[in-house]
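Subject: Handing over a structure

Hello,

Here is the structure I promised to pass on. Please have a look at it first, and then read my notes below.

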Amino acid sequence: MELPDGDFIDLDWTGLEHEGRPLVIILHGLTGSSESQYAWGLQAALLRRCWTSVVLNFRGCSGEINRLPRAYHSGETGDLDSLVRWLRSQPRFQARPIAAVGFSLGGNVLLKWLGEQGADAPLCTAVAVSVPYDLQACQRKLDSPAARIYRDHLLGNLLQAATRKREHYRRTAAAEFLQHHLGLGPLDGISTLWEFDDRITAPLHAFDGAADYYARCSSRPFLHAIRVPVLLIHAVDDPLVDADAIPTASELADGTVLELSQRGGHVGFVSGNLPGSPCYWLEERIPDHLGAAFRCAG
């Protein structure tokens with residue numbers, strides 16, 4: 001899908017053969033894609049109900065490097081808005097009920113967009129799982145010694161993506177874009193998410209440093225403005241999201257329900273007593289919620 005600024009996003013679909021059936025937009029997490037287990041697992045569960053679904057691969061996440069130096073981030077709602085507007089402009093989708101599901105970073109993007117849209121959001125419902133509602137609080141937790149294994153994994157993927165983009169610009173002789181990216185400084189020596197966001201994410205996307213990026217892109221301040229019925233799924237033992245970042249009931253809009261489990265981890269919620277036969281609870285709970293909303297939407 002071509003974007004207004006000359007870049008593109010890749011969309012991965014299932015169930016397009018089910019004409020007239022509900023449509024679900026899926027947003028993945030940081031350094032994820034449509035190949036992330038939670039994304040294709042949910043698509044498979046939705047397909048079993050004969051619903052159509054589409055995963056929005058954020059810029060550069062589909063395996064194909066995006067054109068522009070900029071990438072995606074926790075508060076980038078423009079690409080989701082472009083997708084929703086395009087879907088609503090297509091005759092084959094105009095009469096269908098549309099819902100959206102966001103995981104982790106994708107959930108933050110979804111909730112921020114819903115708050116920005118207010119009553120104008122053309123969705124019948126939404127689900128957000130394991131959301132980093134307060135980005136700075138979550139960054140502090142991820143950069144703490146207790147979460148080092150998760151931080152190193154995410155940071156390694158982010159640095160690899162930035163390195164691949166610079167190498168791509170060299171190969172394609174995209175001198176202007178290469179100089180723009182190199183102007184951010186060397187990638188070596190970045191050892192925390194704060195450093196990456198302060199030196200790479202923030203300047204690439206016109207923020208005044210990491211603190212400004214976290215403050216402006218956290219979904220928590222937008223929750224009260226949401227007018228679409230929303231289900232929030234979160235676990236107290238989430239290793240990536242600080243407990244203080246979980247919103248209180250007073251911060252939520254009237255149509256928002258927070259289901260808080262004691263266990264579940266980050267985008268996990270796996271159960272089952274037989275070794276090698278896990279039960280992915282989200283693949284049951286999310287379709288059940290969506291199904292109820294679709295029935296109400298007629």
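Let me start with a term: rings of Phe, Tyr and Trp (its six-membered ring) pair if their centres lie within 6.5 Å, and planes under 30 degrees apart count as stacked, over 60 as edge-to-face and the rest as tilted. With that rule, a search of the whole structure turns up 10 aromatic pairs.

Before the details, two notes on the source. This is a predicted model, in which local features need pLDDT of at least 70 and side-chain atom pairs count only at pLDDT 80 or more, while totals for chains, interfaces and linings use all residues. Residues are numbered from 1 along each chain as its sequence is written, and side-chain values use heavy atoms, with hydrogens and water left out.

Back to the rings. One of the pairs is Phe-58 with Tyr-72, which is stacked, at 5.4 Å centre to centre and 10° between the planes. Both residues sit in the loop between strand 3 and helix 2, 14 residues apart (helices, H or I with at least four residues, and strands, E with at least two, are DSSP runs numbered from the N terminus). Phe-58 is buried, with a relative accessible area of 5%, and Tyr-72 counts as buried at 13% (buried means under 20% relative accessible area, exposed over 50%, partly exposed in between, with a 1.4 Å probe and protein chains only).

Another pair, Phe-207 with Tyr-213, is tilted: the centres are 5.3 Å apart and the planes make an angle of 45°. Phe-207 is buried at 12% relative accessibility, and Tyr-213 is buried at 4%. Ring pairs also join these two with Trp-194 and Tyr-214 in a cluster.

Now the chain as a whole. It has 10 helices and 9 strands. Its radius of gyration is 19 Å, close to the 19 Å that the globule rule gives for 298 residues, so the chain is as compact as a globular protein of that length (the radius is taken over C-alpha atoms, and the rule is 2.2 Å times the number of residues to the power 0.38). The C-alpha trace spans about 55 × 45 × 40 Å along its principal axes, and 55% of the 298 residues count as buried.

What lies inside? The largest nonpolar core has 38 residues, and Ile-25, Leu-80, Leu-111 and Leu-114 touch the most other members (such a core is a set of buried Ala, Val, Leu, Ile, Met, Phe, Trp, Tyr and Cys residues joined through side-chain atoms within 4.5 Å). Elements that each supply at least two of its residues include strand 2 (23-27), helix 2 (78-89) and strand 6 (230-235). Helix 4 gives the largest share, 6 residues. Leu-80 touches Ile-25, Leu-27, Leu-56, Val-109, Leu-110 and Trp-113, leaving aside residues up to four places away in sequence (contact means heavy atoms within 4.5 Å). Apart from this core lies another, of 24 residues, with Leu-42 and Ala-293 among them.

Finally, helix 6. Helix 6 covers residues 148-171 and reaches 34 Å from its first C-alpha to its last, close to the 34 Å expected at 1.5 Å a residue (the expected span is 1.5 Å times one less than the number of residues). Its buried residues include Arg-151, Leu-158 and Tyr-169, and their cover includes helix 5 (135-142), helix 7 (175-182) and helix 8 (193-204). Ala-173, with a positive phi near 60°, follows helix 6.

Best wishes
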